[in-house]
Amino acid sequence: MDSLAKEGLSDRVTLPEVRDFTARMIAIDAVLVLYRSVRQADGGLPERTTLRSSIWRLIDGRWRMAFHQGTIVPTAVLCSAPAIPGRNVLLRTATSDDIEASSASLD
């Protein structure tokens with residue numbers, strides 16, 4: 001921790017891009033948020049994609065994060081992930097459109 005405190009901010013801070021942002025009500029007081037965080041390659045660091053999800057709850061009139069998860073996925077895997085067809089199913093990388101499709105089938 002001490003070494004982190006001694007580090008200064010770099011002259012150039014590169015913020016990640018947020019892509020495929022989706023927020024969906026999952027209950028009267030809960031929202032599921034999904035998005036992709038992409039850090040562009042910079043200064044010798046490779047591009048990095050993180051799939052993120054969080055659940056927000058309305059508590060005492062304020063939205064508060066109840067859960068958050070991030071999974072680092074190599075960008076090459078996301079771009080070239082194969083689809084595996086089966087007799088009654090197609091396995092593939094999920095997209096934000098899948099949330100709408102799956103929730104519509106529950107209605």
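This report walks through the sheet and the salt bridges of a predicted model.

## Ground rules

Residues are numbered from 1 along each chain as its sequence is written. In this predicted model, local features need pLDDT of at least 70 and side-chain atom pairs count only at pLDDT 80 or more, while totals for chains, interfaces and linings use all residues; side-chain values use heavy atoms, with hydrogens and water left out.

## The sheet

Let's start with the strands (DSSP runs of E, at least two residues, numbered from the N terminus). Four of them form an open sheet in the order β1-β2-β3-β4, with antiparallel pairing; two strands pair if DSSP finds at least two bridges between them. At the edges sit β1 (17-27) and β4 (62-73), each pairing on one side only.

Strand β2 covers residues 30-39, and eight bridges join β1 to β2. Across this pair, R24 stands opposite L32 in β2.

## The salt bridges

A salt bridge here is a side-chain nitrogen of Lys or Arg within 4 Å of a carboxyl oxygen of Asp or Glu. The count comes to three.

One of them joins R19 and E17, at 2.9 Å from N to O. In another, D20 meets R36, with the closest N and O atoms 3.3 Å apart. D20 lies in strand β1 and R36 in strand β2, so this pair ties together parts that are 16 residues apart in sequence.

R57 and D29 also form a salt bridge, at 2.7 Å from N to O. This pair links distant parts of the chain: R57 is in strand β3, and D29 is in the loop between β1 and β2, 28 residues apart.

Definitions and conventions: Helices (H or I, at least four residues) and strands (E, at least two) are DSSP runs, numbered from the N terminus.
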